[in-house]
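Keep the structure open while you read, and find each residue as it comes up.

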Amino acid sequence: MLNGRFIALGVTGSIAAYKAADLASKLTQAGASIDVLMTESATRFITPLTLRSITGRPVFIDMFDPGTEMAEEHVEIARRASAVIVAPASATTIARLAHGLAGDMVSLTVLATEAPVLIAPAMDGQMFEDEATQANLAALRERGYIVIGPAEGRLASGRTGPGRLVETETLLGALKQALGRDGDFSGRRVVVTAGGTREPLDPVRFISNYSSGKMGYALAEAARDRGADVTLVSTVTARPCPYGVRLVGVETVAEMREAVLAACDGAHALIMAAAVSDYRPAERAGRKVKKGPQEKSLALEKTDDFLLEVKGSIIKVGFAAETDNLLENARAKLKAKGLHLIAANDLTAPGSGFGTETNQISIIDAAGEVEEVPLLSKYDAANRLLDRVAPLFEKG
Ligand SMILES: Cc1cc2nc3c(=O)[nH]c(=O)nc-3n(C[C@H](O)[C@H](O)[C@H](O)COP(=O)(O)O)c2cc1C
């Protein structure tokens with residue numbers, strides 16, 4: 001979604017300016033054309049040469065420089081940008097933007113653009129918490145600017161608190177969300193489940209499966225990038241939640257059931273990418289079970305099949321990860337659970353299934369028709385599945 005887009009990246013006088021190089025690099029690798037704009041102060045922290053070398057494009061600092069295209073059309077970058085991101089945004093630049101000043105290339109472009117504007121503050125905690133900065137940021141939010149962060153942590157001053165520029169991944173996520181806000185999932189609430197449920201045996205052991213949660217996270221990201229409001233019910237909370245996605249951490253099937261039923265209230269689609277345990281230990285020991293001389297056997301009881309409890313006009317999509325009789329088992333699951341679509345996943349196929357970065361799915365619809373999707377990255381496979389969900393909204 002960044003490929004072929006013009007993104008304006010404003011860099012200002014913060015100690016975090018060096019991180020703009022990483023963002024510029026990642027955006028360039030994703031195929032975007034980056035117009036870097038720098039304030040004079042920013043050039044004291046990082047050289048324009050670095051950013052020019054990374055992006056392979058001119059860097060704009062002086063709007064009156066007769067050697068640049070700005071001399072002819074000072075708002076050209078504002079006009080061609082699909083999004084403007086100011087990262088890092090200094091307290092001074094934030095104050096300028098709040099007052100509509102346009103005395104430098106960064107603030108001029110922000111003022112002149114009609115594209116979404118993202119502001120990533122980075123400064124010392126005291127500067128961030130100062131009333132003036134807070135009021136300026138509130139004014140920017142009020143005008144529809146997207147303020148990302150700052151993160152909390154160790155600051156350049158040696159103190160700890162809010163003021164750190166958020167991670168590049170977060171900036172990329174925020175950009176993609178902004179670019180996709182009018183996509184075909186705009187105004188839709190989507191619930192995605194991810195990971196393998198864990199059913200405890202005692203306080204230190206559990207029964208689970210190899211699900212990594214990657215497919216669910218890819219689905220959450222892809223739905224966000226198409227404009228959806230996404231809730232991710234996940235057992236793998238150690239993985240960073242995609243920016244803009246609401247994360248509900250769960251462990252057991254019972255917890256997942258409760259979280260999914262609550263999140264599905266008023267939602268338009270539920271996509272069950274989690275690997276949900278069919279059985280759980282019939283008993284859970286309150287203390288760690290100690291090793292003894294005897295063999296042990298484990299009694300299991302069935303878990304709740306909560307998909308059937310999700311009511312209303314919501315579109316339901318399941319996954320069937322199988323080692324045998326893939327399509328047959330997937331079709332049976334689609335029917336038994338009243339799904340609109342099911343993604344059949346051959347766990348024995350190379351590059352497919354748990355833990356991999358890629359997946360090969362076959363999408364089966366309610367009529368039993370099969371669409372074979374080739375081996376793709378999980379994000380691309382997720383989009384192929386969402387391509388099939390979008391038309392169901394119109395019908396439903
Ligand atoms: C070493 C050093 C580090 C600084 N780091 C920051 C910072 O992280 N955030 C910030 O808002 N200002 C920081 N400043 C102050 C800004 O550079 C200064 O306010 C400048 O006028 C910002 O201008 P600009 O917004 O036009 O880039 C720093 C100054 C120095 C000397």
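## A cap on a helix

Let's start at D104, which caps the N-terminal end of helix α6: one of its side-chain oxygens lies 3.0 Å from the backbone nitrogen of V106. Helix α6 covers residues 105-112 and is mostly covered, with six of its eight residues buried. The buried ones are M105, V106, S107, L108, T109 and V110.

Here, "buried" means under 20% relative accessible area, "exposed" means over 50%, and "partly exposed" is in between, using a 1.4 Å probe and protein chains only. Helices (H or I, at least four residues) and strands (E, at least two) are DSSP runs, numbered from the N terminus.

## What you're looking at

This is a predicted model, so local features need pLDDT of at least 70 and side-chain atom pairs count only at pLDDT 80 or more, while totals for chains, interfaces and linings use all residues. Residues are numbered from 1 along each chain as its sequence is written, and side-chain values use heavy atoms, with hydrogens and water left out.

Zooming out, the protein has 13 helices and 22 strands. Its C-alpha atoms fill a box of roughly 80 × 50 × 40 Å, taken along the principal axes. Of its 396 residues, 48% are buried. Now look at contacts (heavy atoms within 4.5 Å): among those with a separation of 6 or more, 66% are between residues 24 or more positions apart.

## Around the ligand

Which residues come nearest to the ligand? Of the 15 residues around it, they are G13, T39, S90, A91 and T93. A residue counts as near if one of its heavy atoms lies within 4 Å. Helix α5 (residues 91-98) gives the largest share of this shell, four residues. By type, the shell has six nonpolar residues, eight polar and one charged. In this sorting, Ala, Val, Leu, Ile, Met, Phe, Trp, Tyr, Cys and Pro are nonpolar, Asp, Glu, Lys and Arg are charged, and the others, Gly among them, are polar.

A ligand oxygen is 2.5 Å from an N or O atom in the side chain of T93, and a ligand oxygen is 3.0 Å from an N or O atom in the side chain of T92. A ligand nitrogen is 2.8 Å from a polar backbone atom of A122. The protein covers 65% of the 640 Å² of accessible area that the ligand has on its own. Accessible areas come from the Shrake-Rupley method with a 1.4 Å probe; for residues, only the protein chains shown count as cover.

In soluble globular proteins, nonpolar side chains tend to be buried together. A nonpolar core here is a set of buried Ala, Val, Leu, Ile, Met, Phe, Trp, Tyr and Cys residues joined through side-chain atoms within 4.5 Å. The largest one has 35 residues, and L219, F319 and L385 touch the most other members. Several elements give two or more residues to this core, including β9 (189-194), α10 (214-225) and β17 (315-322). Helix α13 gives the most, with eight residues.

Leaving aside neighbours within four places in sequence, L385 is in contact with L219, I271, V317, F319, A343, I361 and I363. Apart from this core lies another, of 34 residues, among them L2, I7, V36 and A174.

Most residues other than glycine have a negative phi, and most peptide bonds are trans. Now for some exceptions. The bond from A87 to P88 is cis, with omega near 0°, and P88 is found in strand β4 (residues 83-89). Another cis bond joins G149 and P150, with omega about 5°; P150 is in the loop between β6 (146-147) and β7 (151-154).

N325 is not a glycine, yet its phi is positive, near 40°. You'll find N325 in the loop between β17 and α12 (326-336).

## Buried or partly exposed?

T168, in helix α9 (residues 168-179), counts as buried because its relative accessible area is 11%. E69, in the loop between β3 (59-60) and α4 (76-80), is partly exposed, since its value is 33%. Not counting residues up to four places away in sequence, E69 touches F60, E76 and R80.

Conventions: Polar contact = N/O pair within 3.5 Å; in protein donor to acceptor, adjacent residues only side chain to side chain.
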